[in-house]
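Good morning. Please look at the screen.

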Amino acid sequence: MPSTKITQHGNIGASKIYFKDDTFMETAPVSQQLSIKNVSGSYTITAEDILNKMIRVDVPLNQIANVILPAHSVLPCPIGTQILISSAGYGQVQLKSGAGAFVRTPQSLLIDRKYGRVTAIKTNLNEWEID
């Protein structure tokens, strides 16, 4: 299999990687530090959250808070965007898709323990995968 040489234009935050065959791939911006956003109760992911953000959701015991992962029409972010979502309380955090979006996981859409966390990765225009 022939190898493809990758050349990068711009700095590490560049949004395109150009290949030897004149094709390119768009990438999400790169940042070295994870910022943490604390929220209470249900929450919808916003444009502010798409760059190396951890969302810590505080939920009281015996309650459930929903975290909504929106469709591209609501939140246009690059494929490959990753958002870390954490439970900071004793309640449960449930991941849900916004209208027109899909959330896929091999396990559960529920974070059911304090300090539990998952990563949501945008894998297609209106699709998020949970790890």
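Strand β8, residues 82–87, is mostly covered, with 5 of its 6 residues buried. Buried means under 20% relative accessible area, exposed means over 50%, and partly exposed lies in between, with a 1.4 Å probe and protein chains only. Strands here are DSSP runs of E with at least two residues, helices are runs of H or I with at least four, and both are numbered from the N terminus.

A word on the source. This is a predicted model, where local features need pLDDT of at least 70 and side-chain atom pairs count only at pLDDT 80 or more, while totals for chains, interfaces and linings use all residues. Residues are numbered from 1 along each chain as its sequence is written, and side-chain values use heavy atoms, leaving out hydrogens and water.

Which strands pair with β8? Strand β6, residues 53–58, runs parallel to β8 and is joined to it by 4 bridges. In this pair, Ile55 stands opposite Ile85 of β8. Strand β12, residues 117–124, pairs with β8 in the antiparallel sense, over 5 bridges. There, Ile83 stands opposite Ala120 of β12. Two strands count as paired if DSSP finds at least two bridges between them.

Now the chain as a whole. How many helices and strands does the protein chain have? It has 0 helices and 13 strands. Of its 131 residues, 31% count as buried. Among contacts between residues at least 6 apart in sequence, 56% join residues at least 24 apart; contact means heavy atoms within 4.5 Å.
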